[in-house]
Amino acid sequence: MPFIPHTEDDIREMLAAIGVARIDDLFDEIPAALKSSRLSSIAEGLSEMEVTRLMAERARDDGHYLSFIGAGAYEHHIPAAVWQIATRGEFYSAYTPYQAEASQGTLQLLYEYQSMMCALTGLDVSNASLYDGASALAEAVLMAVRQHKSCRRVLMPRTVHPAYRACVRSICVNQGIELAELGYDPASGRTPVEAVRDSAVEFAALVVPQPNFFGVLEDVDELTRSAHERGALAIACVNPTSLGLLKPPGQWGDQGADIAVGDGQPLGIPLANGGPYFGAMVCRQALVRQMPGRIVGATVDADGRRGYALTLQAREQHIRRSKATSNICTNQGLAVTAATIYLALLGAEGLKRVAAQSHARTRGLVERLEKAHGVSRVFAAPVFHETVMRLPRAPREVLERLRAQGVLGGLDLSDAYPELGNALLVCATETKTEADLNAYAAALTQCLRAAA
Amino acid sequence: MSIPADLKYTDTHEWVRIEKDGSLTIGITHHAQDLLGDLVYVENPKLGRTVRKGEECGVVESVKAASDIYAPVSGEVVGVNEALDEAPQQINESAYQAWMFRLKPSQPGEIEALLDAAAYQKLVEAEAH
């Protein structure tokens, strides 16, 4: 089936109109040395049947592991209805449309999504989403610096996800923004409030992760309060599932966080090669003109019926060009569609149960793992659904042995946090049964014994 | 709408009124608000900020566009019209009454270079063609 609509005649006619003999002549300014005559590493085409078979074989290679890796992407149960509905034709090509108001269904869905994010975070305005949690955090940093005006330094705790910090660095450093790292308290795994309160330097904003990368719950009230006392903004970086149980950022400290961001993956998006996921971003009303991305508003049409429209578009690049709030953002329509359906199916009570169950499973896992010889918790502070365990041997070696037994035991922290020694980040969500936890503990005991 | 003869103008459509104390009151012209349409937001410079002639120091935003405001001359911001925060439509209603901010000029010579009403009239007519 031809996917290119032009016939040979069409092409000839177009070439004649611009006075070019062959299509190749359009590319004649590219030096011959840079052109590759054949793509030797690209295989010949395969039939659909052959591709299906090839992919099935590759999928088998993935294996069926029992996974205890979290570290920013979490395995949760996704009700079958979520993707059954999200992949309906009306939604499947969802994207914030260019003729936006002609697509009332898409706009309504985004409006519902934004309303849910506002309810979840306790803040006033949500955009229609960004690429992922990391780029949402970078946008929040840019937003805070624009709002603050007089300072371009942001305090970035080392308890923020290392990949998020790397992403923020990539996006912000060339814009003259300084990221000042804050260390953590080695006993609790928390960011010390004094480091913010007594910071020797002025700062425009503080990033407050909750839970932090270690799974540990930060003292968000005091951190937020300290940032505000220093005339800075507080940027919450949250796991949306945790908000089923934890205090929403809008209520942190005395005035609440100013901006909240997070990765939306836990809300109905499957783990798949690292994405696509989506980034959530919500802020106080007073900051809305600094917020990047599309915002859908509710309105009424000429007959007084409810309708939806894109609003505050003068912030955006099709109007503000280089002075737009962002020139690299988009929304993740399909992932947001799934998340909206996920949240609608679960409701507040359902999300709370997922959060509580995940927390209980992680506690159960820690209890079991601690019984293995030489295994202990690294940090004393309470955690959500993830925690750091110290092993008696190098995690890399232990993880390899565990994998041979069908268990993905967690994330080795020795690259990102070498000072923690043999540290392993483990996570258990509601998807793990008591039997799964027992299986992991038994496998770990066996691996450590075999290695000893 | 006639262009007030007692004001000065810029080619970026700000109007400037020279006050008795030597300070300058600044707004956007009737022609500018007409091009922008219904204004929904005005961002003024912070009080006390020093600006250079031609520097961006504010934004006016309408339902269909957003436009920067440029300092007509160098100086210090000595007043801002906070009423516009809640009621930006005042600029649509009467552009020459709804001032945005006041400057205390640091280079009084720069005032000479501003356009008079006749020159601004010509500029607007030229843009219309």
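Predicted model: local features only at pLDDT ≥ 70, side-chain atom pairs only at ≥ 80, totals over all residues.
**Entry 1: the seven-stranded sheet of chain A**

I traced the strand order first. Seven strands of chain A make an open sheet, running β2-β8-β7-β6-β5-β3-β4. The pairing is mixed. Which strands stand at the edges? They are β2 (125-126) and β4 (178-182) of chain A. Each has a single partner strand, so one side of each is left without a neighbour in the sheet.

I then looked at one pair inside that order. Strand β3 (residues 153-157) of chain A runs parallel to strand β5 (residues 205-210) of chain A, and two bridges join them. V154(A) stands opposite A205(A) in β5(A). Helix α9 (residues 220-229) of chain A packs on this sheet. I found α9 touching β5 and β6 (233-238) of chain A. The direction of α9 makes about 170° with that of β5(A).

**Entry 2: G244(A)**

I followed the chain on to the loop between β6 and β7 (259-263) of chain A, where G244(A) is found. Is G244(A) buried or exposed? It is buried: I note 21 other C-beta atoms within 10 Å, and a residue counts as buried at 20 or more. What does G244(A) contact, leaving aside its neighbours within four places in sequence? The contacts are L351(A), K352(A), V354(A) and A355(A).

**Entry 3: α6 and α7 of chain A**

Next I looked at a helix pair. The axes of α6 (residues 133-148) and α7 (residues 162-172) of chain A come within 8 Å and cross at roughly 45°. The two helices are therefore oblique to each other. The crossing of α6(A) and α7(A) is right-handed.

I listed the residues that meet. From α6(A) they include G133(A), L137(A), V141(A) and L142(A). From α7(A) they include Y164(A), C167(A), V168(A) and I171(A). By class, this contact has eleven nonpolar, two polar and no charged residues.

**Entry 4: the four-stranded sheet of chain A**

I turned to a further open sheet in chain A. Its four strands follow the order β11-β12-β15-β14, with antiparallel pairing. The edge strands are β11 (376-377) and β14 (411-412) of chain A, each pairing on one side only. β11(A) pairs with β12 (residues 386-390) of chain A over two bridges. One of the residues I checked was R377(A), whose bridge partner in β12(A) is M389(A). Helix α11 (residues 333-369) of chain A packs on this sheet and touches β11, β12 and β15 (423-427) of chain A. The direction of α11 makes about 10° with that of β12(A).

**Entry 5: β3 of chain B**

Why is strand β3 (residues 24-28) of chain B largely enclosed by the rest of the structure? Because four of its five residues are buried.

I looked at its partners. β2 (residues 14-18) of chain B runs antiparallel to β3(B), joined by five bridges. E14(B) has I28(B) as its bridge partner. β2(B) and β3(B) form a hairpin with five residues between them. In the turn, G22(B) has a positive phi of about 90°. β3(B) also pairs with β9 (residues 101-105) of chain B, antiparallel, over three bridges. There I26(B) stands opposite F101(B).

**Entry 6: the contact between the chains**

Last, I checked where the chains touch. Chain A gives four residues and chain B four residues. On the chain A side I count two nonpolar, no polar and two charged residues.

Note on methods: Residues numbered from 1 in each chain as written. Chains lettered and ligands numbered in written order. Pairing = 2+ DSSP bridges. Contact = placed C-beta atoms within 7 Å. Axes fitted to C-alpha atoms, helices over the stretch in contact; angles between N-to-C directions. Buried ≥ 20, exposed ≤ 12 C-beta atoms within 10 Å, placed from the backbone. Nonpolar A, V, L, I, M, F, W, Y, C, P; charged D, E, K, R; others polar. Parallel < 35°, antiparallel > 145°, perpendicular 65-115°, else oblique. Left-handed = near helix turned anticlockwise from the far one by under 90°.
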